[in-house]
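Subject: Structure handover

Hello,

Here is the structure for you to look over. My notes on it come after the entry.

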Amino acid sequence: MKRSIETPNSQPPLQYIKGVGPKRAEALANLGFRSARDLFYYFPRGYLDRSQIVRIADLRMYVEKGEPVTIFAEVYRQEARRTRRGNKLIFLLTVKDESGFLTCVWFEGFQWLKNAFENGEFLALSAIPSLDKLNRPQFVHPQYDRLKSAEEDEPDWGKLFNTGSIIPKYRSSAEFEKVGLDSRGFRRIIRNAVDHHLSAVDETLSLEIMQRHDLCDEKSALRSIHFPGNFQELEIARRRLKFEELFFLQLMLALRKRNAQQQLRGRTYDVESKLAHQLVHSLHFELTKAQRKVLREIVDDFKSPYPMNRLLQGDVGSGKTIVALCAALIAVENGLQVAFMAPTEILAEQHYQTLTEFLKGLSVTVRLLVGGQRKKLREDVLEDIRQGSAQIVVGTHALVEEKVEFMNLGLVIVDEQHRFGVMQRATLRSKGINPDVLIMTATPIPRTLAMTFYGDLEVSVIDEMPANRKPIRTALRTEKEKVRVYQFVKEEIQRGRQAYIVYPLIEESEKVDLKAATQEYEHLQQNIFPEYRLGLLHGRMKSDAKEEVMQKFKKGEIHILVSTTVIEVGIDIPNASVMLIENAERFGLAQLHQLRGRVGRSADQSYCILIANYGWFDAHAKKMDISEIRDEKEHARTRLETMVQTVDGFKIAEVDLKLRGPGEFFGTQQSGVPGLHIANLIDDSELVTQAHKEAFDLIKNDPHLRQKENECIRKHFDEAFREILELGKIG
Ligand code: ADP
Ligand code: MG
C-alpha cells in the first residue's frame, strides 16, 4: 500500500532532507516513513565502537586484557580442515588489514559458513582475541558485520570522528538497498536530518514528568541515540526514549481502561447464591485459601456497577475450573447465561463433562456447542441458547466469533487463553449486553508484562496448590535410555496408573509427523507394550473419535494414550501418573510445562520424562544460519534443564520470556499492543512500572489531557496513536 507523503506536526517532508530526494522519499514513504520525525525514530540496531577498533598487529596486547575488540579487515583466504579425530569440519577464515593477517576459527556450522564470505570482501570482526597452538593471536567464533570498504564511509567518518567514536548501524532491506539506503546511506540522511531539522521536533513529555524521572529532553535524546558522544550519553538518551515509548503505551491502556469503566453494566447481581453454596458443599475436597480469595474478588466485581474484566492466573492444576464454575452459578442464579470458552474442542468436551459431573443434582442446564456435532443436535443447542434455556454454554471461541445468538449473555469465561487479546475482548463486548469477562490462564506473567498486556484488566492469582499434591518428578533421558524408560512406564501401569506418550507436531510437515506418530503408536502397541491397551489421539481425528478415545482413557480402558500435542491444555485425568515426551527438544517451554501439568493431579507421585534428541538440530543445519543453530540448540538445552530444575510455573515463564521475547510469547498482533522499538518489557521492568504509574495517574487527574502542561502529551498521543485507537473502536 502506498502512503501519501503528508507531514504531520509541521515536520519537513522527507524529500527536503538533504540526501533524500524523490526516489528515496518514495521508498521511505512506502514503508511508512512520513516525515523527518519518523527518521529520527528509526533507531540504530547497534553501534560500532570505534574506540575499540584495533590493528591486527596490535591484537596480541589485547589477549591478556580479555576484552572484545574489533578489527576492520579484508577476506583473504577460506579453508576447511578436519579436526584431529577427523570427524568434524572446522572452518578457517584468514583476513588481512594493512598491518598483518589474522585467522578466525569456527568449530561449528561449516555447511553454512563455506558459502558465507567472498574473498576481497570487507568485514568488521569482533571477538576477544586468544592464542592458537603456535602462540599467534586468533579469533574464535567472532561476530561480524559486512562493510562496503575497509574504511567504510570515510567522509562521514571523518565528521563523526570529531563528535565521537561510536558509529550507528541501521537495519536495511532489499527495498531500501535498491535506493542506496543501506546502513551507511541511512547514517548519511539521518545525520543531515539531525543537523538541519531536529530543531523542528516538539517535546512530547511534560516538564514535570521529565523532572520527576530525571529524563533528558526530546531533542538531545534523539541526537544522542543516533550520534552519541560517548556511551554515557547514549545511555541517557536510551533511557529517555524507552520511557517515552512505554509511557505512551501505558497512556493508551489507561484511556482504554477508563472508557471501559465508564460503561455501566446495566444490571446488578444478587451475590447470595444458593447454587454456588450447594456446589461447594458437594465437593469431596475443600477449596484452598487462594481459591476462596479469588472467588471473593470475583464476587466483589459482581457487586460493582461496572462490568468485570478480570484475569485469573493460576498454575496448571491449581483448580481454576471450580472457581469459574462458582462464578458461573452466581450469574445463572441471576437469570443470566454464561459462555464458557476453551481453546480446543477436546478441552471444551472435557469441560462439558467436568461441569456436568460437578453439577449433578443441581438444576442447571449445561449445553455443549462444538464443530463436529450433528446438524439436528446443533440446531437444538442453538435454539436453547437463543431461548435462554441453555444456562451455561460450553464451546470454543466460535461461541463469540460466530453468529451464536444469546438470549441474555451475562458472563464470558475464557479458559487457558493468555493470548486472548484486547481486540477480541472488544469484539466480545460488542456482542451482548456488555458481559462480565473472566479470563483464565496458567501462564504466569511477570507483573510488568501483565501491566502492559492486561493493563486494562484486574488480575487475580491462585498462588497455592491443593494440599494433597506431590511435586512431579522430572527426568531428562536420551534415546539410548528408552528401554529403561519403557520398563518404568510398565511398572507404573502395573500399579494401576496410566501414562501419556506425546510426540511433537510441527506445521511444516504435519502429514509426515502424523505418519510418524501413527507408526510409532503401532510399534509401541505391537512390540513394546503388547500386554496393554494403547489409544491414539491427534488433531486430524473427527471429534467423535477423539471423544471416544478420551472417554476410554478416562474410564481406564486405555492404559497408555499416545498423542500429539492436542492434549496440551486443560485435560484432567487424575489417575495418569506418567507423562513421557518424545523429541522434547522440539517443544516450547510453556508447552512442556502444560504437558507436564497433565499429570500430578492426585495425591500419588507423578513423573515427567523428557526424551531429548539434540541431533535433530544438526540434521536441520542446512536450513539455518550457523548462529541460529547454535542458539536453537542452546535454547533447547536451557528449556529442558529448566523443566528438570523446577515445577514452578512462574520461574518457567520467566525463562520462556527471556528465550523468546515478549512479542512471540504473546503474539503481539493479537494482543493489540503496538510494537516496542527500544524498550523491552522484561529488561526495562522498572521503567515499565514508572511509566505505568505516571500514565494512569495522569489520566486520573486530567482524563482529557486538557491542562496546559499536558498539551504536548496530547498532541503527540493524537498523532502517534490515532490509527491504533481507531482500530480499537471497532469493538
Ligand atoms: P487448572 O487450574 O489447571 O485448570 P483444574 O481446575 O483442572 O486445574 O483442577 C485440577 C484438579 O484439581 C481437578 O481434578 C480438580 O477437581 C482438582 N481440585 C481443584 N481444587 C481442588 C482443591 N481445593 N483440593 C483438591 N483438589 C482440587
Ligand atoms: Mg484448566
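This is a predicted model: local features need pLDDT of at least 70, side-chain atom pairs count only at pLDDT 80 or more; totals for chains, interfaces and linings use all residues.

Ligand site

Ligand 1 has 17 residues around it, and those that come nearest are Glu 286, Gly 317, Thr 321, Arg 469 and Asp 572. Sorted by class, this shell consists of six charged, six polar and five nonpolar residues.

At Gly 317, a polar backbone atom is 2.6 Å from an oxygen atom of ligand 1. Thr 321 takes part through its side chain, where an N or O atom is 2.7 Å from an oxygen atom of ligand 1. For Gly 319 the atom is again a backbone N or O, and the distance to an oxygen atom of ligand 1 is 3.1 Å. On its own, ligand 1 has 570 Å² of accessible area, and the protein covers 90% of that.

Parallel sheet

One open sheet is built from seven strands with parallel pairing, in the order E12-E13-E11-E14-E15-E10-E16. Its edges are strand E12 (366-369) and strand E16 (458-462); each has a single partner strand, so one side of each has no neighbour in the sheet. From one strand to the next, the twist averages 20°.

Mixed sheet

Another open sheet of seven strands has mixed pairing and the order E6-E7-E4-E3-E2-E5-E8. Here the edge positions belong to strand E6 (130-131) and strand E8 (143-147); each of them pairs with a single strand, so one side of each is left without a neighbour in the sheet.

Inside this order, strand E2 (residues 69-82) pairs with strand E5 (residues 122-127) in the antiparallel sense, over six bridges. Phe 72 stands opposite Ala 124 in E5.

Regards

Key: Residues are numbered from 1 along each chain as its sequence is written. Chains are lettered from A and ligands numbered from 1 in the order in which they are written. Side-chain values use heavy atoms; hydrogens and water are left out. Two strands pair if DSSP finds at least two bridges between them. Helices (H or I, at least four residues) and strands (E, at least two) are DSSP runs, numbered from the N terminus. Axes are lines fitted to C-alpha atoms, for helices over the stretch in contact, and angles run from 0 to 180 degrees between N-to-C directions. A residue is near a molecule or strand if one of its heavy atoms lies within 4 Å of it. A polar contact is a pair of N or O atoms within 3.5 Å; within protein, one must be able to donate a hydrogen and the other to accept it, and residues adjacent in sequence count only if both atoms are side-chain atoms. Accessible areas come from the Shrake-Rupley method with a 1.4 Å probe; for residues, only the protein chains shown count as cover. Ala, Val, Leu, Ile, Met, Phe, Trp, Tyr, Cys and Pro count as nonpolar, Asp, Glu, Lys and Arg as charged, and the others, Gly among them, as polar.
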